Amino acid sequence: MHIVLGMLSAVAGVIWALVALQRSGFSADSLNPFLWYRRSQWKKKYGTHPLYNLDDPIDVAAVLILGSAKCEGEISTGQKRAILELFEEEFKLGPDAANDLLLASSHLIRDEVYLLDRLEKILDTGVRRFSQAQAASMLGMMTRIATSESPLNEEQRKLIAATEQYFEKAFRHKHRWQPDSGQ
């Protein structure tokens, strides 16, 4: 009989401990390694600033083009018009889509004072989808917008040079191992 009472006391103690842990916020699901991995991936992807999750080359280019114009301070009406025309010509967007892209880009970098400090984080996600021609075109567009109203200032020059160096390094590593041509 004492064995049965001991077992019942042990079961009651375990149940009491689990209820107390659950009330304090502990969940048994947190011990599941698969669930933990999914949650950590979710936090990694959606817990970071959206600026650092851009993977479409057009979005990355739009942010950096606008960033090169904002190196002088706030963008002027002429620069805004030039950026919209550039988006329509180069990205083949309609006026509404170009305006939406400019609005989204300005929203993404509204809190960024100095893009150069976070350039690698901005480019890391999307660099694998850039071709060399797209990177060269983006650098040309950045220069074109930066010089639309005045010559390049030091901040614009640094941003463009750092972007160029980043892509040179990325393409050097990207093309080191080429797959066979299928022969």
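Mentor: We shall take the helices, then the salt bridges, then the aromatic rings.

Mentor: This is a predicted model, in which local features need pLDDT of at least 70 and side-chain atom pairs count only at pLDDT 80 or more, while totals for chains, interfaces and linings use all residues. Residues are numbered from 1 along each chain as its sequence is written, and side-chain values use heavy atoms, with hydrogens and water left out.

Trainee: How many residues does helix α4 have, and how far does it reach from its first C-alpha to its last?

Mentor: Helices are DSSP runs (H or I, at least four residues), numbered from the N terminus. The expected span of a helix is 1.5 Å times one less than its number of residues. Helix α4, residues 77-90, has 14 residues and reaches 20 Å, close to the 20 Å expected. Just after α4, K92 takes a positive phi of about 55 degrees.

Trainee: Which residues of α4 are buried?

Mentor: Buried means under 20% relative accessible area, exposed over 50%, and partly exposed in between, with a 1.4 Å probe and protein chains only. In α4, the buried residues are Q79, I83, L84, L86 and F87. Seen down the axis of α4, these buried residues fall within an arc of 160 degrees, so they line one face of the helix; the arc is that of the directions from the helix axis to the C-beta atoms.

Trainee: Against which helices do the buried residues of α4 pack?

Mentor: Contact means heavy atoms within 4.5 Å. The buried residues of α4 pack against α3 (57-70), α5 (95-108) and α7 (132-146).

Trainee: How many salt bridges does the structure hold, and which residue forms one with D55?

Mentor: A salt bridge is a side-chain nitrogen of Lys or Arg within 4 Å of a carboxyl oxygen of Asp or Glu. The structure holds 5 salt bridges. D55 forms one with R129, the closest N and O atoms being 3.8 Å apart. D55 lies in the loop between α2 (33-46) and α3, and R129 in the loop between α6 (119-124) and α7, so the pair ties together parts that are 74 residues apart in sequence. D55 counts as partly exposed at 30% relative accessibility, and R129 counts as partly exposed at 44%.

Trainee: What separates E154 and R157 in helix α8?

Mentor: E154 and R157 are 3 residues apart in helix α8 (residues 154-174), a separation of about one helical turn. Their salt bridge has its closest N and O atoms 3.4 Å apart. Elsewhere, E89, E90 and R144 are linked in a network of salt bridges.

Trainee: How many aromatic pairs does a search of the whole structure find?

Mentor: Rings of Phe, Tyr and Trp (its six-membered ring) pair if their centres lie within 6.5 Å; planes under 30 degrees apart count as stacked, over 60 as edge-to-face and the rest as tilted. The search finds 5 aromatic pairs. Y166 and F167 form an edge-to-face pair, 6.0 Å centre to centre with 90 degrees between the planes. Both Y166 and F167 are buried, and together with F130 and F171 they form one aromatic cluster.

Technical notes:
Helix = DSSP H or I, 4+ residues; strand = E, 2+ residues; numbered from the N terminus.
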